[in-house]
Structures are given as structure tokens and as C-alpha cells.
Amino acid sequence: MITASRLLTLNASLAVLALAVPARAADRPWMNVKLSPDERAALLEKEMTLDERIGLVHGPMSMPIFGIRKPDGAIGSAGYIPGVPRLGVPAVNESDASLGVTNPLGVRPGDGATALASGLSLAATFNTKLAYEGGAVVGREARAKGFNVQLAGGVNLARDPRNGRNFEYLGEDPWLAGNMAAAQISGIQAQRVVSTIKHFSLNGQETNRHFANSVIDEAAHRESDLLAFQIAIEKGQPGAVMCAYNLVNGDYSCGNNHLLNAVLKRDWGYKGWVMSDWGAVHATDYILRGLDQQSGEQLDAKVWFGEPLKTAVEKGEVPAARLSDATRRILRSMFAAGLFDKPVTPGGAIDYDANAEVARAAAAEGIVLLKNRSGLLPLAKTAKTIAVIGGHADAGVLSGGGSSQVVPPGGAKRVVPLGGEGMMGAFRSQYFNGSSPLAAIRKAAPGAKVTFDDGRYVASAVAAAKAADVVIVFGNQWMGEGEDAYDLSLPNGQDALIAAVVAANPNAVVVLQTGGPVSMPWLTDAGAVVEAWYAGVKGGEAIADVLFGAINPSGRLPITFPASIDQYPRAQLPGLGAPEKTRFDVVYSEGADIGYRRFAASGQKPLFPFGYGLSYTSFAYGNLKVTGGETLTVSFDVTNTGQRTGKDAPQVYLTGAPGKATQRLIGFDKVELQPGETRKVTLTADARLLGRFDVKTNRWVLDKGAYQVGVGAAADNLALKGSADLRARTLKP
Ligand code: BGC
């Protein structure tokens, strides 16, 4: 029953509401959905005061770290930008990242989220549909938790197999990574949540990342890391670009006029906003160099885009028009993503079970079968005893550390702290998520006796291996933001453990959970090897699905596994052990020849090449047709020549352009085929992949002449070869 006093309160609240919401829509013409995001942003920005504009271009972290309190009004995660209630501008709540919605340092007590498999796992699927679906999971959960900006879209190319954040990214190839990132971003933004793309550009290592100056030739940069960003931005239309911690050719990337103003905004016509990484702004004039928003401002020496920017605008040192432009860019992306028309509200329902199934399917498809001696896999369900060894397989699967770390609903099953100092110290723990491979193996082999040995003592593990028909031994490599792997070994002496186990039993399957390539000194003795990466919320089940054949593996390496780090141009990690706060150069002398391209150019043989991965069936290619003209169109048949249904990821490489040999992925597909089935695949190359970037004319150039292509199952395994002529042409940058 409504009492008189409640009625009064109700009336009072209605009165407040009436004040907040203007009586007529005409008072807020920017809410007219028929106008373009640019028109709406311009109308709204015009109404803003200087303070309101300044308020939008900077914001604090929203996690409790270094004694910092979560800002009032923030939901709590990575960052926060207060809204402008007077004009109906919603507050921006930002959360990391590509692998799920994070909850840094438990700022939202008990709030878990669906943990997707790592970025490398996703890239290994060679399946953009899965990237879209994973993005949609992240977007849906972000929205339901009240986040309207997701700091996703990590697309830095893997130039060094030791890079501590390779696991977040999408491998070493611009076409693969660019397309995967685009699909992931589209999936997120389809849920009406802005996605970023990051870290722009050449954040190629974590070691002393704030002082690393990435040095690269301009043409090579355009043809590699920048091309990955360009493709992902064109196809995915992310609302924001996050610049990086490092310097690029002498200027900090968040104050890099060339990168932000010339490449991104002028050449590519990017209309969204550039936000800084957290603690990557060093001066107010970065706004003149293309930065639009200072994020995580407590980590910078000053709130440069706060009072100092206001004063600079008042004094005319920063044109008011530039501040208006930055403000409009932010508003424009907010309109484009739907933040005004379909605002997020915390407390939405989340179907974690359904989302976990999306994660499981992608994780299983990302698993790469590297070796399979005499059909050891899939495991015969008749094996009487199976010894599972190491890797905390009794608890769950591993995940990578740092800002992208997702904790699943219900919390982690096991947390193994690694300790450590510095900014990332608090993030240095190995999280195992509760999707136990051991439990999943037991479920898949109900008739077998499945034992578990934690792998701490080699002799005990060897005894367990000897007593079993089949051994499944895990090798884990935790990687995390803020640090690189020291080398390519499995840490904590696991290589010695695995070597002893595979020597003790020929039916030993090694399951790797790594953040990137490792060296596998025990490979010859191992019966089978699968790379499971960080496999996410249902990782244990995904691993068992592949081991027992419920899923026919179809992952392909998105990154070369070298035989040794000496095969890379920087055998010593640049900046390792450099005195604190000293700048140093990371010279990317390989230019655009990253990973497999450099292996092809130098003739070196890797441990496993880019694009490689086995299946429980076999595929053959035939009927190649290559047509030229403006660009190359390549068609060919793929046939499943084996006994099982399976998926193949056929790859098309450019192997020669007029006057030079080369090696470059120009197309890929993912096809599922029944035994005996043939499918015709047709791919048309993005012409930029066929040409070179000419710095003088600032255009892509394709020379007239014959272009060679190869089609096959990996960068070094091209069954079909053909060629066609192209006309000379140039393309806009
Ligand atoms: C990372 C970003 C992340 C940000 C906010 C930084 O340390 O480099 O990728 O989005 O933190 O958490």
C-alpha cells in the first residue's frame, strides 16, 4: 500500500527525474538516431563547457592498487571516466580485455567471468567465426556487468617468442592477426560495447617496456605490425585505439605524432579516439601529437590532460579546436557503439554455462597436435591404466598473468603465487581455474585406472609412468604481463621431468600449456605432443576432447616454434638487466620478415613451422587456379583423404613477386570435411599483401609482372604452386 509519506517521496523523486531529463527530445538533438555518429557527436560537443570537455579526456584507474581508492561512481575494474549527467553523457567504465571481463585484484568481490582460451589459442583455430563468438561472449558479459568499454583487441605481432604477452595476442602474421582481431572486436561491439585495439604500436617485449625504443624501418612497419592494425581497424571498426608504453623510433607511442596523426588519423582516416595505456603519458602536448585521452592517470607523473591541459587551452597553447576534436572523437565512438541509445546497466543476467560452451569449442579447436607417433592419439578407450603427471592437472588449466587475467565464476581452484616486486608484483600468480584435465580424462576413460603424480619428484613420476599403459605428462609455462620468458625452456626443471617420463614409457603424451613457443629437448622420445596453450574455463574438457578423439584436432601454429632462440635476430633480450629508467633500443632488424618470413628468407629450419598442425585424418590439395589482373584470386580443392571427419586450415602464401622471392600468408580458410569429401576454396588476396609500401610516395606499390603462390598445410609445406600476372598499380596508404 502506498502511504502518504511514500507518495511524497515518490513525487519528489519524479520531480528530480523530470529535472534530469529534459522535457522535449528537441532539447537533446544528438539523441536523434537518424543522424550519423559524427553529426550527433558534433551537436553534443558544441553544448559542452571547457570543464566538461576536459572531464572526458582523462580518467583514473578504477582498481585498488598502490593505496589508490576506487573512484566514486566507478564499477571497479581498469578505468573510469565520469559522465556528464547534465547532457546525458554516460559514464565510461572500462574493463580488460580480450580473454574475458577481468576483476583486477578482486575489486568486485566474488565477481568472476568466462575465461576464454588465450589469444594464441584463438589464432591457432584459423577460424574467424570463433573469434567473433568469443568477442560476443566478452561483450555480453561486459554489458551485463555494466562495462561499456572493453580494452580488448591486442594485436601486437609476435616478434620474439619470449614476449610475455604473446599469449594475449594473435601470433606473428598480420593477415591472420588482423582478421582475428577484427572478428573479435566486431563480436564485442555487436553487444553495444566499445572495443579498443591495442597496443599501438610495436609493444614487442615486456622487459623494461616503459624504456624500450622500438626501432624499425617505416616501410617494414607499414607492411607488418601497422598492417595488422590497419586490417583490424578497417574490418572491425574499434571505437578506440590504445597507444603503447614503449617508444617508436624515438618518440613515446602515446606522443608519437607520426603514428597517431600521420598514419592513424590522416592516412587511415581513423575516426575514433586514441586512449593511452595506463601510465603511458608524459606530457600535456601529447594532445597535439594525436593522443585524445589520458587513461589510468594516477600512474603518470601528472594528470596532464586535467588542469595543465585546461590552462594550456586557456592560454591558447593547445587550440580549443583540438580539444573539441578529441572530445568529439570520444563521443562519436560512444554514439557509434550504441552507448547512448542502449546504455549498459549493471546486474544483467549472464548465462555462464552457455558462454563456457563457446569457450570450450574454441579452446578445443585451438589445440595443436604437434606430434603423433604411430597413431598414439586419439587414446584408445581400452587403455587400462593412465598415469597423469604434473602441471597441476588435478586442479585446472593454467592462465596467463597481468591485466588480462580472468578469474572464473566461483573463483580460481588453485592459486600459486610466484612473488616478486614492482608494479606487476601483485599480479604474479599462477591461476588454475577448476576445469581439471585429470577429472576430464577420468570421465573420458571410465574403464581405466587413472593415477596422478604431481611431478615434483622425477623418480616418483618415472615410477608412475612405468606402471601405466599410457602417460599424459603436462608441461606448463606461466607467462605474464610485465616480464618476458628468460628462455624457451619449461620453467622449474619440467624439461628434465618430461625427458625422464617420455624415456620411461614410449606411450607418453606431452600436453603443453604455454604462453608461446618452447624448445622441447625431449621431443624425439615423446610419443605425442599437443600444444593446449592456456585453454580457459573448460580447458580440461577441451584437452580431454582432443586426447580421446571427441574432437579431431585442427589447430595450426600461429607462431613459429624455433629450434633455438639463436634463430632470432635478438638472441639476448634487449634491455634485460639495463639500469633502471634507462632508455635502450630494440632494433627490429628483421623488418617485416617476422617469424616464418625470416625463416624462409634465411633458409633456417624451425622446430615447428607457422601454420603447422596435425589431424586424426589427412587432407590433400588439388586443382589450383590462380588468376591475376588487379589482385590474385586463388582457388583449389581440399579433400579429406582419411577415415574421420575433420577440419583443415588450408593456407595460401605469396612465394614470389616480380624480381624477388618472398613468403607471405595471403589467405586462409577453415573447412570441415567428411571422409572422402572435397570442397573448393576460393580466396582473393588483399592487394596490399602482394605489394610493398613505398615511403617516398606514401602508397602501396604493386609492380607489373608474375606473382607466385603456394597452397598447402604450413608455411614450409606447399603442395600446390602456381602464378599469375598483375598489372602495375598503387594503393592509398
Ligand atoms: C596494459 C593494458 C591494459 C591496461 C589497463 C596496462 O598495464 O598494458 O593492456 O588495458 O593496463 O588494465
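Reader: In which strand does His199 lie?

Author: This is a predicted model, numbered from 1 along each chain as its sequence is written. Local features need pLDDT of at least 70, side-chain atom pairs pLDDT 80 or more, while totals for chains, interfaces and linings use all residues, and side-chain values use heavy atoms, without hydrogens and water. Strands are DSSP runs of E, at least two residues, and helices runs of H or I, at least four, numbered from the N terminus. The run that spans residues 194-200 holds His199, and this is strand β5.

Reader: What is the omega of the peptide bond that joins Lys198 and His199?

Author: Most peptide bonds are trans. The bond from Lys198 to His199 is cis. Its omega is about -10 degrees.

Reader: Where does Ser201 sit, and what is omega for the bond from Phe200 to Ser201?

Author: Ser201 is in the loop between β5 and β6 (212-215). The bond from Phe200 into Ser201 is cis. Its omega is near 5 degrees.

Reader: How does Asn208 count by relative accessibility?

Author: Asn208 also lies in the loop between β5 and β6. Its phi is positive, near 45 degrees, and it is not a glycine. Buried means under 20% relative accessible area, exposed over 50%, and partly exposed in between (1.4 Å probe, protein chains only). Asn208 has 30%, so it is partly exposed.

Reader: Is Asn623 buried or exposed?

Author: Asn623 belongs to strand β20 (residues 619-627). Its phi is positive too, about 60 degrees. The relative accessible area is 52%, so Asn623 is exposed.

Reader: How far apart are the C-alpha centres of domain 2 and domain 3?

Author: The assignment, which is automatic or from a database, gives domain 1 (33-337), domain 2 (367-551) and domain 3 (617-731). Between the C-alpha centres of domain 2 and domain 3 the distance is 35 Å.

Reader: Which elements give two or more residues to the lining of the second largest pocket?

Author: A pocket is an open set of points on a 1 Å grid over the protein atoms alone, with protein on both sides within 12 Å along at least five of seven lines; a cavity is a set where a 1.4 Å probe fits but cannot get out, and lining residues have an atom within 4 Å of a point. The second largest pocket holds about 640 Å³. It has 32 lining residues, and Gln430, Asn476, Pro491, Asn492 and Gln494 are the closest to its centre. The elements asked for are β14 (429-432), β16 (470-476) and α15 (494-504).

Reader: Which domains each give at least three residues to the lining of the largest cavity?

Author: There are five cavities of 30 Å³ or more, and the largest has about 230 Å³. Its lining has 22 residues; closest to the centre are Met63, Tyr245, Trp278, Ser403 and Glu481. At least three lining residues come from each of domain 1 and domain 2.

Terms used
Points joined across faces, edges and corners; volume = space filled by probe spheres on them.
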